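Take a moment to turn the model around before reading on. We will walk through it step by step.

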Amino acid sequence: MTSHSDLISEKDFAATVVKEAELFHWMVHYTNDSRRGRTGFPDLFLARALPGQPGVAMAWELKTEQGNPSKGRFSPKGKWLPGQDEWLELLGRCSEFRSGLYRPSDLDSIEEILR
């Protein structure tokens, strides 16, 4: 059985997440064409500091329900190009930094995190 979240494109999903983040006063950097960015870097970088609270920064990769994060690989010239999986793992180990892989079916959780 196909759910609504199975049909949403990555582009539409990203637009929804960016709109929601901005609604809750997050600063957002969205890489809409990953071919022009650093290899493997997550789609979204979000940051916010509420009055009287420490700031929070997050890096999120957005995929369709069937999509998978890229894996690291060697370029034709032999240079290591980190994958999205490596970026998310490394950033997730940083103190006071959150990273994650989110899908359209996670929209409720995303809204909860962004509040």
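Start with the overall picture. This is a predicted model. The protein chain has four helices and six strands. Read from the N terminus, its elements run α-α-β-β-β-β-β-α-β-α. In a box taken along the principal axes, the C-alpha atoms fill roughly 50 × 40 × 20 Å. How does the radius of gyration fit a compact globule? For 115 residues, such a globule would have a value near 13 Å; the protein chain has 15 Å, which agrees.

Of the 115 residues, 34% count as buried. Contacts also tell us about the fold. Take those with a separation of 6 or more: residues 24 or more positions apart account for 56% of them.

Next, zoom in on helix 2. It covers residues 10–23. Which residues of helix 2 are buried? They are F13, A14, V17, V18, E20 and A21. Viewed down the axis of helix 2, these buried residues fall within an arc of 165 degrees, so they line one face of the helix. An α-helix has 3.6 residues a turn, so residues three or four places apart point the same way.

What do the buried residues of helix 2 pack against? Their partners are strand 1 (27–30), strand 2 (44–48), strand 3, strand 6 and helix 4 (107–114). On the other side of helix 2, K11, K19 and L23 are exposed. After helix 2 comes H25, with a positive phi near 65 degrees.

Finally, find the aromatic rings. The structure holds three aromatic pairs. One of them is W60 with Y102: the ring centres are 4.3 Å apart and the planes are at 45 degrees, so the pair is tilted. This pair links distant parts of the chain, since W60 sits in strand 3 (residues 56–62) and Y102 in strand 6 (residues 97–102), 42 residues apart. Both W60 and Y102 are buried.

Another pair is F74 with W80. Their ring centres are 4.8 Å apart and their planes are at 70 degrees, so this pair is edge-to-face. Are these two residues buried or exposed? F74 counts as exposed, at 57% relative accessibility. W80 is partly exposed, with a relative accessible area of 38%.

Technical notes
Residues are numbered from 1 along each chain as its sequence is written. This is a predicted model: local features need pLDDT of at least 70, side-chain atom pairs count only at pLDDT 80 or more; totals for chains, interfaces and linings use all residues. Side-chain values use heavy atoms; hydrogens and water are left out. Rings of Phe, Tyr and Trp (its six-membered ring) pair if their centres lie within 6.5 Å; planes under 30 degrees apart count as stacked, over 60 as edge-to-face and the rest as tilted. Helices (H or I, at least four residues) and strands (E, at least two) are DSSP runs, numbered from the N terminus. Buried means under 20% relative accessible area, exposed over 50%, partly exposed in between (1.4 Å probe, protein chains only). The expected span of a helix is 1.5 Å times one less than its number of residues. The arc is that of the directions from the helix axis to the C-beta atoms. Contact means heavy atoms within 4.5 Å. The radius of gyration is taken over C-alpha atoms; the globule rule is 2.2 Å times the number of residues to the power 0.38.
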